[in-house]
Amino acid sequence: MTTFVRCGSLFTGRENSALRNGTLVVGDDGLIAYAGPAAQAPAPRPHDKAVDYSGLFVMPGLIDVHTHLAYGNAKSEEDIDLYQPLEFRALRALFFAQQVVAAGFTSICAPGDAGRISLSVRNAIQAGLFDGPRITAAGRYITARQSLTDWYPTWIGVPETSIGRLVTNRDEAIEEIRCQVKDGVDCIKIALDGTHRRGNGEFVAAFTQDETTAMVEEIRRLGKKSVVHARGREATLYAARAGVDLIFHAYYLDDECLDALVKSGSAIGPTLTFPRNMIEFTGPHDPAHLKGRIGDVRREFEVACTNLKRARTAGVPMMIGTDSGFAVTPYGEWHARELEIFVQDLGFTPAEALRAATEVSARFMAQEGKIGSLAEGCYADFIAIEGSPLDNIAILQDKRRIRHVHINGAEMRIPPRPYDSYKVTDLALFNWTDLYTQERVAELRARTAPSIAAQ
Ligand SMILES: [Zn+2]
């Protein structure tokens, strides 16, 4: 049965404007047979189905290239690595993957997760066992001693249930890449920096240029895509020179990085939602605040916006990602915030932000060429929204306005479902954020006393 969808506005992802009175024709194979003006659409036959979205804005399903399915809305690194068994993490990942769909995101990349969680969730959805988004899955991050994910001291090391796989030489890295490819990942994540800085504050790349190039070449030889965590200048430069497909963050890129990026065609996924949420949402009682980290994040955010704007002007493709999966970026809540940040802080027009979240981000995904656009032959992954995100990009964050979500033509119905977040994550043995000396207690009592007296 063919479905004819009447669209009030139709944004195909291939132009910077929406078409008034469009029609989308979806075949029973879940593929788009026609997307364009209603006047030129083929005529429906008697048994065809009609769907009326004539009051709504129809566009391709949104894509988040940076959602960690296995993190479980973690409040700490220990939460990510230690306390829940991999089996429980897979079950909760499936639940959270559906919450992402309810927010209008029909495809995600899970770039770095413990065990084989993301690819198992992907396979269960692909087999038709559950509704869920299309998932481009990575395995564990390939990590060195100076990498993000090797956050514990050497005498503890990197546990088996961690999101990282510590490699101590090039051969181990290549062997890990081959294992992950055999297990069925779509992409390989390398933690190219993250924990160590030089005296001048500069991030140290965790691998040498030669090691980076060797890993990226092997990933490419095996037909997979490469994605790296690189906040600093040096790791960004090594990644660009090696021709990495997607670089997360790249906050401290300079002219040399920019030249290499333009030459390699590497994309950047700035992932500014995570620091932005951290700046805005962290409360005075939160450890991140008490440890004085928020000022640093704020400074880094400003530097990042300046540098990323230059990358955009130079033509570096920019993809939408949020680092969802932390307590400050819970699943299904803030994915569309990255589009608003692209408009507010990186100078994108709303249409350009929509394209970043659709056809541009689709270039990294396993279904490249089949998603991110509403065009003949593409999968019918689309959403229908109340209001126009071209007028106000922020409306995409209002889940009540995401009226319908279709994947492969089929409408997803994900009812809201409350759950006990403390049974899902937050099992670290951390109880207090302050040191209750007599002096500190006296100070706190003096601070609360006036309000008690005032009651
Ligand atoms: Zn991440």
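Colleague: How many bridges join β5 to strand β6, and do they run parallel or antiparallel?
Modeller: Three bridges join them, and the two strands run parallel. Strand β6 covers residues 105-110. Keep in mind that this is a predicted model.

Colleague: Which residue in β6 is the bridge partner of Leu62?
Modeller: Phe105 is the partner of Leu62.

Colleague: What is the strand order in that open sheet?
Modeller: The order is β5-β6-β7, three strands with parallel pairing. The edge strands are β5 and β7, and each pairs on one side only. Strand β7 spans 134-137. Neighbouring strands are turned by 15° against each other on average, direction ignored.

Colleague: Which strands does helix α3 lie across?
Modeller: Helix α3, residues 117-126, lies across β6 and β7. Its direction is at about 150° to β7.

Colleague: Is Asp323 buried or exposed?
Modeller: Asp323 is buried, with a relative accessible area of 8%. His68 is buried too.

Colleague: What is the phi of Asp323?
Modeller: It is positive, about 60°, although Asp323 is not a glycine. His249 also has a positive phi, near 85°, and is a residue other than glycine. His249 is found in strand β12. It is buried, at 5% relative accessible area.

Colleague: Aromatics next. How many aromatic pairs does a search of the whole structure find?
Modeller: It finds 10. One of them is Phe11 with Phe57, a stacked pair. The distance is 6.3 Å centre to centre, with 25° between the planes.

Colleague: Why does that pair tie together separate parts of the sequence?
Modeller: Phe11 lies in the loop between β1 (3-10) and β2 (19-26), and Phe57 lies in strand β4 (residues 49-60), so the pair ties together parts that are 46 residues apart in sequence. Phe11 is buried, at 0% relative accessible area. Phe57 is buried as well, at 3%.

Colleague: And Phe281 with Trp334, how are their rings arranged?
Modeller: Their centres are 5.1 Å apart and their planes are at 45°, so the pair is tilted. Phe281 is in helix α8 (residues 273-281), and Trp334 is in the loop between α10 and α11, 53 residues apart. Phe281 counts as partly exposed at 36% relative accessibility. Trp334 is partly exposed too, at 24%.

Colleague: Which residues do ring pairs link into a cluster?
Modeller: Phe95, Phe96, Tyr331 and Tyr419.

Colleague: Which ring does the charged end of Arg134 sit over?
Modeller: The ring of Tyr379, 4.0 Å from its centre. In another case, the charged end of Arg312 sits over the ring of Phe348, 4.4 Å from its centre.

Colleague: Back to strands. Which residues of β14 are buried on each side?
Modeller: Phe382 and Ala384 are buried on one side, Ile383 and Ile385 on the other. Both faces of β14 (residues 382-385) are covered.

Colleague: In what sense do β4 and β14 pair?
Modeller: Antiparallel, over four bridges. Phe57, from the stacked pair, has Ile385 as its bridge partner in β14. Strands β14 and β15 (residues 402-407) also pair in the antiparallel sense over four bridges. In β15, Val405 is the bridge partner of Ile383.

Colleague: Last topic, helix α6. Why is it largely enclosed by the rest of the structure?
Modeller: Eight of its 10 residues are buried, so the rest of the structure largely encloses it. Among the buried ones are Glu234, Leu237 and Tyr238.

Colleague: What covers the buried residues of α6?
Modeller: The cover includes α5 (209-221), β11 (225-230), β12 (246-249) and α7 (255-264).

Colleague: Which residue follows α6?
Modeller: Gly243 follows α6, and its phi is positive, near 75°.

How values were computed. Residues are numbered from 1 along each chain as its sequence is written. This is a predicted model: local features need pLDDT of at least 70, side-chain atom pairs count only at pLDDT 80 or more; totals for chains, interfaces and linings use all residues. Side-chain values use heavy atoms; hydrogens and water are left out. Buried means under 20% relative accessible area, exposed over 50%, partly exposed in between (1.4 Å probe, protein chains only). Rings of Phe, Tyr and Trp (its six-membered ring) pair if their centres lie within 6.5 Å; planes under 30 degrees apart count as stacked, over 60 as edge-to-face and the rest as tilted. A charge sits over a ring if NZ of Lys or CZ of Arg is within 6 Å of the ring centre and within 35 degrees of the ring normal. Two strands pair if DSSP finds at least two bridges between them. Axes are lines fitted to C-alpha atoms, for helices over the stretch in contact, and angles run from 0 to 180 degrees between N-to-C directions. Contact means heavy atoms within 4.5 Å.
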